[in-house]
Structures are given as C-alpha cells and as structure tokens.
Amino acid sequence: MRLLLVEDTPDLARAVQEFLRGEGHAVDHAATLDEAGAAMAVAEYACVILDLGLPDGSGLTLLRNRRGAGDRTPVLIATARDQISDRIAGLDAGADDYVVKPFDLRELSARIRAHARRGQGAPANRLAVAGLEVDRAGAKVWRAGEELRLTAREWSLFEALLGARGRILSKPALEEALYAFDDTIEGNAVEVYVSRLRQKLGPGVIETRRGLGYMIA
Ligand code: CA
C-alpha cells in the first residue's frame, strides 16, 4: 500500500522507510509540513505516519487542516511527546491512533495495516475470497490449505485489489498503490505483477476488464 511518512529526523525517517519498504509498501517521505501538505494534495495514501514537532510547525496543524477539508485518510501520530495532553490533542485533531517514540517497527507496521484496512471499510483481518483464505495482518494467503508464497510487491498488488473488492482498479491507480514518488515505474510493471500473481493464485481470482483495469469480484 502507499504510505506517507512525515518525519524530520533523517536517521529515524530512513529506518522507518526502509522497514516499511521491506514489507512491500510504497513509502513517500516528507520532512516538513509543507512537503507533507503537497504530497497529500496529489496522492492518495492508505495511511499517514505523522510526527508532531516539525521544522515549519506542528503536525497537528496539518491534521486539522486536512480533516477540516473532509480528508479521511487514516493518520497515525508518531512522536516523542508522551504527555497525556499531547495524545488527547492529537486524537481531538482527528488522528486515528498514536505511537510514542521510541516505537517498535513491527508494532507500527501492524497498526498501519489495521488502520488502512479500516480506511478501506474492511476491518476484518481473515477473509475468504475466490477459493483463497487470506490473513491480511500476517500478509499470508492459502489455497486448499497450502500457503502461497508471494513477494512483497505481489502482496501489495493483491492487497490493493482486495481492498477494492468488487470495484475495477485502473492501471494508474494500481501504480499509485505500488510505487512512491521517487520509484522508477516500468511501463508494463502492473501487467507483469498481475501475470505473476495470477500464476500463483490460480485462474479466476483477478479479472481483467479490457481498457479499464483489474478487479477481484
Ligand atoms: Ca520531529
């Protein structure tokens, strides 16, 4: 899924970004409120990880502005400020959750997945679809009891289609879910990943709607 990390401490930003990329997410990074606002204005994120103390102001300002404009993107505040009043202010401003630094990257990742699922209106973790059993939190999928091994990118694509079940996702929408701003996108990358995914999932799971895109019915 596509994520936005708003964090001005370079080492921490690098560590979080690397970890989340390793899990197959496309991660954009913003080091200031300005950059974060610009990214959110043009890209759709499954979740935003938001630091509060930023060089050009408080993350809460951005959060209030976005919520005021009707933006419902899940936002997870990650900050060193562990005082109760800061947590309350964050939640009041429209944050969905709160983690205090230093946080465990695996826990951060699990929370991101939970909020992204809720953002898609599909809070259930385990689901059965097209003859497959899927564990969204654990990023696992089985067919007839046998686990299918997906790469991080293949899982990302599958997860995007799964989150939009019953709707067609266009090639640009899938590219947006798979790639961050600074990633290089090969022209036929989506087709290549869909084809690999089909080989693993078996026939009849991912449908092609010619000229429109792909979907899981
Ligand atoms: Ca900071």
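Strands, like helices, are DSSP runs numbered from the N terminus (strands E, at least two residues; helices H or I, at least four), and two strands are taken to pair if DSSP finds at least two bridges between them. Residues are numbered from 1 along each chain as its sequence is written. Because the model is predicted, local features need pLDDT of at least 70 and side-chain atom pairs count only at pLDDT 80 or more, whereas totals for chains, interfaces and linings use all residues; side-chain values use heavy atoms, with hydrogens and water left out.

The strands β9 and β10 run antiparallel and are joined by 4 bridges, with Glu 133 standing opposite Trp 142 in β10. Trp 142 in turn stands opposite Glu 147 in β11, and β10 pairs with β11 in the antiparallel sense over 3 bridges. The hairpin of β10 and β11 has 2 residues between the strands, and Ala 144 takes a positive phi near 50° there. The hairpin of β8 and β9 has 2 residues between its strands, and Ala 130 in the turn has a positive phi of about 50°. In a regular strand the side chains alternate between the two faces of the sheet. In β8 (residues 126-129), Leu 127 and Val 129 make up a covered face, while Arg 126 and Ala 128 make up an uncovered one.

The calcium ion is coordinated by Asp 8 (OD), Asp 51 (OD) and Gly 53 (O), at 2.1 to 2.3 Å. Donors are N, O and S atoms within 2.8 Å of the metal (3.2 Å for Na, K and Ca), and sites may look incomplete because water is not among the atoms. The donor residues are spaced in sequence as D-x42-D-x1-G. Asp 51 is buried, with a relative accessible area of 4%, whereas Gly 53 is partly exposed, with a relative accessible area of 33%; buried means under 20% relative accessible area, exposed over 50%, and partly exposed in between (1.4 Å probe, protein chains only).

Grid points are joined across faces, edges and corners, and a volume is the space filled by probe spheres set on the points. The largest pocket holds about 660 Å³ of space and is lined by 26 residues, of which Glu 44, Tyr 45, Ala 46, Gln 120 and Arg 167 lie nearest its centre. Helix α6 gives the most to this lining, with 4 residues, and at least three lining residues are drawn from each of domain 1 (2-119) and domain 2 (126-215), the bounds of which come from an automatic or database domain assignment. By class, the lining of the largest pocket has 12 nonpolar, 5 polar and 9 charged residues, where Ala, Val, Leu, Ile, Met, Phe, Trp, Tyr, Cys and Pro count as nonpolar, Asp, Glu, Lys and Arg as charged, and the others, Gly among them, as polar.

The second largest pocket contains about 220 Å³ of space, and of the 17 residues that line this pocket, Glu 23, Gly 138, Ala 139, Lys 140 and Trp 155 are the closest to its centre. Strands β10 (140-143) and β11 (146-148), together with α6, each supply at least two residues of the lining. The second largest pocket lies between domain 1 (2-119) and domain 2 (126-215), because both give residues to its lining.

The search of the whole structure also finds 2 cavities of 30 Å³ or more. The largest cavity has a volume of about 50 Å³, and its lining includes Asp 51, a residue that also coordinates the calcium ion.

Conventions
1 Å grid on protein atoms, 1.4 Å probe; cavity = no way out; pocket = protein on both sides within 12 Å on 5 of 7 lines; lining within 4 Å.
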